[in-house]
Amino acid sequence: MSAHDQLVLCLCELTRLLWKLLLPLVILCVLLVAVLVLLVLAIRLWLQSSRNARRAREGRPTVAFFHPYCNAGGGGERVLWCAIRALQNR
């Protein structure tokens with residue numbers, strides 16, 4: 001056997017070994033990703049159902065205001081408080 005034949009044989013054996021290791025690792029990675037996706041979806045559904053249940057218990061919507069620079073003295077704070085008062089009077 002020449003050195004070239006030995007090198008080819010060694011590379012073939014190495015390729016077989018890597019394929020035997022790679023295939024189970026790919027299957028394991030696919031399974032882990034599938035479990036992770038299912039876990040994320042389950043958590044999302046659980047959070048949505050708990051939020052919907054909380055909304056059903058309260059029976060009224062939640063309102064939030066984002067009003068930047070209401071302390072600038074330009075009357076913005078008055079508009080903000082008028083809007084809050086209007087919602088409270090409903």
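Valine 30 lies in helix α1, and with a relative accessibility of 53% this valine counts as exposed, because the cut-off for that class is over 50%. The model is a predicted one, and its chain holds two helices and zero strands. Of the 90 residues in the chain, 3% count as buried, and the accessible surface amounts to about 8,600 Å², with 69% of that area belonging to carbon and sulfur atoms.

**Helix α1 and what follows**

- Helix α1 covers residues 3-58, which makes 56 residues, and the distance from its first C-alpha to its last is 81 Å, close to the 82 Å expected at 1.5 Å a residue.
- Just after α1 comes glycine 59, whose phi is positive, at about 75 degrees.

**Nonpolar surface and the annotated segment**

- Trp19, Leu22, Leu23, Val26, Ile27, Val30 and Leu31 make a nonpolar surface patch of about 680 Å², and the valine of the opening sentence, Val30, is one of these residues.
- In an unreviewed entry, UniProt lists residues 21-47 under "transmembrane region"; this label comes from the record, and such annotations may be inferred rather than shown by experiment.

**Salt bridge**

- A search of the whole structure finds one salt bridge, in which the side chains of glutamate 13 and arginine 16 meet at 2.7 Å, taken from N to O.
- Both glutamate 13 and arginine 16 belong to helix α1, where they are three residues apart, or about one turn of the helix.
- Glutamate 13 has a relative accessible area of 44% and is therefore partly exposed, since this class falls between the 20% and 50% cut-offs.
- Arginine 16, at 48% relative accessibility, likewise counts as partly exposed.

**Cysteines**

- A search for disulfides across the whole structure finds zero, where a pair would need its cysteine sulfur atoms within 2.5 Å.
- Cysteine 12 has a relative accessibility of 35% and so counts as partly exposed.
- Cysteine 82, for which the relative accessibility is 36%, also counts as partly exposed.

**Loop between the helices**

- Valine 63 is placed in the loop between α1 and α2, the latter helix covering residues 76-89.
- The relative accessible area of valine 63 is 52%, so this residue is exposed under the cut-off of over 50%.
- Although valine 63 and leucine 87 are 24 residues apart along the chain, their C-alpha atoms are separated by 9.0 Å.

Key
Residues numbered from 1 in each chain as written. Predicted model: local features only at pLDDT ≥ 70, side-chain atom pairs only at ≥ 80, totals over all residues. Heavy atoms only, no water. Buried < 20%, exposed > 50% of the residue type's maximum accessible area, 1.4 Å probe, protein only. Helix = DSSP H or I, 4+ residues; strand = E, 2+ residues; numbered from the N terminus. Expected span 1.5 Å × (residues − 1). Areas by Shrake-Rupley, 256 points an atom, 1.4 Å probe, with all protein chains shown as cover. Patch = residues over 30% accessible without salt bridge, like charges linked within 9 Å, V, L, I, M, F, W, Y side chains within 5 Å. Salt bridge = Lys/Arg side-chain N within 4 Å of Asp/Glu carboxyl O.
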